[in-house]
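The structure comes first, then the reading.

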Amino acid sequence: MATLDTSDIDQYLGKPVDSSSLREPIATNDIRRWVHAMHYPNLLHYDPDFAAASRWGKIIAPQSFCIATDDGHGAAPACVGNIPNSHLLFGGDEHWFTGKRVEAGDIIANERIPFDYVVKETKFAGPTCFQRGDNNFTNQNGELILKQRSTSIRYNKEAGSETVNTDDFEEVTWTDAEEAELIKRRFQWVQMLHDLGHKERWWDDVQVGDQLPERVFGQHSIASFATEWRAYIVNNWGTMNLRKQDLAGVGFDETMGIWENDPDMMRQDPFQTDGAYYGPSRGHLFPGWARRIGMPRGYGYGASMGAWGIDYLAGWAGEHGWVTHAISNYRGPALTGDITVQTAEVIDKSVDEEGRHLVHVKHKMANQKGVILATGSAEIALPKKAG
């Protein structure tokens, strides 16, 4: 029977680990590139005329943006300690937002602290380590923007490859009529953004049991996943002062490549450090490598799924509202050829001790077959009418 040795993790818990730093301040085009890659067509984040008429008076980053400034997609503090001959997938994220927004000119830093772990038996991979770590994002003034607690799933490499579903090797085929219908369906949520514009979504008008408008995007493809990859700032050569890390030392399979984001190799042969071209992350873009870790074909990024959830809720809230807290548990990957369908329901309303008027929702992602990709809950602050 396969076993999982996690004993090396204990020495790292509760202690800050190294981070990489940005070499230049955030640029407006970094923000535009991010919302483009995350399928989030909110004019506030890319159109200067619309943004100038907003409450902010300029383009600001979406709430999901901080993860674009990290060199590990949030998973770094949840991937410490050696687990021999292991692979890693993203398992989920919890976000606590302070309300401070990111804009061009900011320099974002991240203090990363491993939190805890537990080993459970799973159908996917047998004994599986669910490891959590905290990311604390601050700006150049030391102001906390976001605390993000990420969960990684670490498992024996043999177990993952043995459970890959061969029935999912082939992509779904969409007819011309289905694609035309998808375009219409996708635009309905975009139209909601346009209709809300600069107006408030009032807390008073939201009722328990309300369904948020459905958001649809895709089809996902190697091209769309590559676009996502490049929107993470670290995945453009030379953009960060990279920390030195030892991927073999945490137990990663050396045949997948172990030089991803290595600062020394970056100066010698950047192709080996790229992740998309070569290395542990190439399973997202190369089906043969995806199957080595238990995925049937090219698949999306866990950190992107976290961003999709935040963007979905923040877009509905509008520029006068914001997501205060969100939990996303990732159940399955977005695969090439599939679409993602996001839904949410209002389950409660409250006023917290800070006087914020909150809407509580449960949210979900699924593909066109109804297969669940993610579930979660969130609290969203909305403005209240006077009187």
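**Salt bridges and their surroundings**

The count comes to 19 salt bridges, each a side-chain nitrogen of Lys or Arg within 4 Å of a carboxyl oxygen of Asp or Glu. Side chains of opposite charge can pair when their charged atoms come close. This is a predicted model, in which local features need pLDDT of at least 70 and side-chain atom pairs count only at pLDDT 80 or more, while totals for chains, interfaces and linings use all residues. Residues are numbered from 1 along each chain as its sequence is written, and side-chain values use heavy atoms, with hydrogens and water left out.

Start with Lys100. Lys100 forms a salt bridge with Glu143, and the closest N and O atoms are 3.5 Å apart. Lys100 lies in the loop between strand E2 (86-97) and strand E3 (109-122), and Glu143 in the loop between strand E4 (126-138) and E5, so the pair ties together parts that are 43 residues apart in sequence. Helices (H or I, at least four residues) and strands (E, at least two) are DSSP runs, numbered from the N terminus. Lys100 has a relative accessible area of 36% and is therefore partly exposed. Glu143 is partly exposed too, at 32%. The cut-offs are under 20% relative accessible area for buried, over 50% for exposed, and partly exposed in between (1.4 Å probe, protein chains only).

Now move to a covered pair. Arg149 and Asp134 meet through their side chains in a salt bridge of 2.6 Å, N to O. Arg149 lies in strand E5 and Asp134 in strand E4, so this bridge ties together parts that are 15 residues apart in sequence. Are these two residues buried or exposed? Both Arg149 and Asp134 are buried.

Strand E5 spans residues 144-156 and also holds Thr151. Thr151 counts as buried because its relative accessibility is 17%. Setting aside residues up to four places away in sequence, Thr151 touches Ala78, Phe90, Gly91, Gly92, Phe130, Gln131 and Arg132. Contact here means heavy atoms within 4.5 Å.

Lys385 lies in the segment after strand E11 (372-381) and Asp205 in the loop between helix H4 (176-196) and strand E6 (215-218), so the pair ties together parts that are 180 residues apart in sequence. Lys385 is partly exposed at 35% relative accessibility. Asp205 is partly exposed at 46%. Elsewhere, Asp70, Asp71, Arg112 and Arg243 are linked in a network of salt bridges.

Next, a helix. H8 (residues 302-317) has 16 residues and reaches 23 Å from its first C-alpha to its last, close to the expected 22 Å. That expected span is 1.5 Å times one less than the number of residues. H8 is mostly covered, with 16 of its 16 residues buried. Just after H8, Gly318 takes a positive phi of about 85°.

Finally, a pocket. The second largest pocket is lined by 20 residues, and His36, His39, Tyr40, Pro41 and Arg186 lie nearest its centre. The elements giving two or more residues to this lining are helix H1 (28-37), H4, E6 and helix H5 (222-231). H4 gives the most, with five residues. A pocket is an open set of points on a 1 Å grid over the protein atoms alone, where a 1.4 Å probe fits, with protein on both sides within 12 Å along at least five of seven lines; lining residues have an atom within 4 Å of a point.
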